[in-house]
Amino acid sequence: MKKLLLVFILLLSGCSTTKVDYYLYVYYASTCPICSSFIDTVVPQIEELYGDSMAVTLMDIDDDASVEAYAKTCTLLEGYELDDSSGSVPFIVLDGYFAKIGYEVGQAKLILDAIDCAINNEELSSELSEVYYFKEGKTYHEEGGN
């Protein structure tokens, strides 16, 4: 009986829940080679650096649910206007911190540094273009997102 109890305790200790601290949404198009490069190159680095503390969600912009989420996210950003040119991908969103439109191959370090700076409440590099910040106190995840 003691052995059974010990096994049960060991199993329960391995079932700890990990708290997600950050949410990263990547809106992409399946036909976009730049999106594929970002997903194949940068996302694994993010997952390695942040582990279970950051949930990474890939959202195909051609899915209706993704379009709705994209539009909702855009309403939470300061100075971002939805218009006919909206929908550029990849659209990289660190929920509650910033959204970045576009990615250039070779910018992995710049993106990783931006995520780190945002999380540590430091100013993002001026080299990072097409960045929009979340309105104070607004986050997609807490607003009823995924």
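These are my notebook entries on what I looked up in the predicted model shown above.

**Conventions.** I number residues from 1 along each chain as its sequence is written, and since this is a predicted model I take local features only at pLDDT of at least 70 and side-chain atom pairs only at pLDDT 80 or more, while totals for chains, interfaces and linings use all residues. My side-chain values use heavy atoms, with hydrogens and water left out.

**Confidence.** I looked up pLDDT, the predictor's confidence in each residue from 0 to 100, and found that the protein chain averages 85, with 82% of the residues scoring at least 70. Where pLDDT is low, the predicted coordinates should not be read in detail.

**Layout.** I took helices (H or I, at least four residues) and strands (E, at least two) as DSSP runs, numbered from the N terminus. The protein chain has 4 helices and 5 strands, and along the sequence they follow the pattern α-β-α-β-α-β-β-α-β. Among contacts between residues at least 6 apart in sequence, 67% join residues at least 24 apart. Of the 146 residues, 39% count as buried; here buried means under 20% relative accessible area, exposed over 50%, and partly exposed in between (1.4 Å probe, protein chains only).

**Helix 2.** I checked the length of helix 2 (residues 33-50), whose 18 residues should span 26 Å at 1.5 Å a residue, and the end C-alpha atoms are 25 Å apart, which agrees; the expected span is 1.5 Å times one less than the number of residues. I listed its buried residues as C35, S37, F38, I39, V42, V43, I46 and Y50, and their cover includes strand 1 (22-28), strand 2 (54-60), strand 3 (91-94) and helix 4 (108-119). After helix 2 comes G51, with a positive phi near 50 degrees.

**Cores.** I next looked for nonpolar cores, meaning sets of buried Ala, Val, Leu, Ile, Met, Phe, Trp, Tyr and Cys residues joined through side-chain atoms within 4.5 Å. The largest has 25 residues, and M54, L94 and I115 have the most contacts inside it. Strand 1, helix 2, strand 3 and helix 4 each supply at least two residues of this core, with helix 4 giving the most, 9 residues. Leaving aside neighbours within four places in sequence, I115 is in contact with L24, I46, Y50, M54, L94 and F98. Apart from this core lies another, of 21 residues, among them Y28, C32, M59 and L77.

**Backbone in the loops.** I noted that the peptide bond from V89 to P90 is cis, with omega near 0 degrees, and that P90 lies in the loop between helix 3 (64-75) and strand 3. In the loop between helix 4 and strand 5 (131-133) I found N121, which has a positive phi of about 55 degrees although it is not a glycine; N121 counts as exposed, at 69% relative accessibility. E130 is also in the loop between helix 4 and strand 5 and has a positive phi of about 50 degrees, again without being a glycine; E130 is partly exposed, with a relative accessible area of 49%.

Technical notes
Contact = heavy atoms within 4.5 Å.
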